[in-house]
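Subject: Structure handover

Hello,

Here is the structure we talked about. Please look it over before reading my notes below.

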Amino acid sequence: MTKKRIFITGGSGCVGHYLADMLINQTEHELFFLVRHPDKLKFNFQSRPGVHLVTGDLQNISPYIELLSTMNCVVLLATQWGGAGTFAVNVTGNTGIMQALNPEICEQVIYFSTASILDQNLQLLPPAKDLGTEYIRSKFICYEELAQLPIYDRLTVMFPTLIFGGEKDKPPTHISTGLDQLPRYLQWARWVRADGCFHFIHAQDIAQILMYYLAHPAGEFRQFVLGNEVIWLNQAVQELCAYFGMNLPRWQFNLTPRRVALLMQIARWLGAQLIPWDDFCAEYRYFRYDPVLHPARLGLTPRCQTLGELLPVLGISPTTSNSGFNQGHSQSSHD
């Protein structure tokens, strides 16, 4: 494999840790990790030459303009989930990095968006821009601006679905936090039937996909939704009950969209802080994408394809409701 200069943001996050381990241990590429807090890194960036930490922030990329112009590849994982600076990081920072690249040198940019801005036909979902959270709206706006970039034909856009992951030497994703309490919630959820579906993918499987595409630049714009095959909500409850040794009751309450809307209204009366995007998701329900990309589609060996495979990997035991998986872990807002 030809040695490349690769610039990576979001290295202190969950996916970033899996990717860093693979890049450091499986390649000789010269790597540049942009991080705000180097002390949060759990991978060994001193294990070989050619691994550099660039301390800084996506809200100010001016110190890295000259460095960026020398890069062969860029992987943009960093994001901010909300609050002050969301648009500065997710839109201005990401597009600024892409504008600073030299099209004669850079062969590929892998940019992470979110599947929440797409409909089932993989087209932009307008309510995501109108009703979405700051995070979702910023991702929508950034995607709209991509076509104006000089590097557009070198872009590989990834739209991840629900991302799980985290181990002793890797921080958990946001959605993985608190999964040790899953059996307690399942005691109530198993009494309900609901129409809806979702996809998920493990962070290590995303890193495998990234490694594959870093080795296979296309020279044209391309985009993929990252996830395993679709899982229906009732199927998920059934699989989880089987994993934890719980029985499904003979009778289940049918949670229709109308009943969901009523419950959300009651929650508001009780003080819950719900936003229009919550109402949209409750009505939309079918976050289903076709096709989706997972390691098996690339001839790679996936780490997790089903919920039954995922839970043990996350340290969730079928015999206890408290594995201690997330004790002491935290994740940066946009690293």
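This is a predicted model: local features need pLDDT of at least 70, side-chain atom pairs count only at pLDDT 80 or more; totals for chains, interfaces and linings use all residues.

Residues are numbered from 1 along each chain as its sequence is written, and side-chain values use heavy atoms, with hydrogens and water left out.

Start with helix H8, residues 233–244. (Helices are DSSP runs of H or I with at least four residues, strands are E runs of at least two, and both are numbered from the N terminus.) Its buried residues are Ala236, Val237, Leu240, Cys241, Tyr243 and Phe244. Buried means under 20% relative accessible area, exposed over 50%, and partly exposed in between (1.4 Å probe, protein chains only). They sit on the same side of H8, because they cover an arc of only 160° around the axis (the arc of directions from the helix axis to the C-beta atoms). Just after H8, Gly245 has a positive phi of about 70°.

Now the salt bridges. The whole structure has 10 of them, each a side-chain nitrogen of Lys or Arg within 4 Å of a carboxyl oxygen of Asp or Glu.

- Lys170 pairs with Asp21, with closest N and O atoms 2.9 Å apart. The two are 149 residues apart. Lys170 is buried at 7%; Asp21 is partly exposed at 21%.
- Asp195 meets Arg285 at 3.5 Å, N to O. The pair ties together parts 90 residues apart in sequence.
- Glu229 pairs with Arg297 at 3.0 Å. They are 68 residues apart.

Best wishes

Definitions and conventions:
The expected span of a helix is 1.5 Å times one less than its number of residues.
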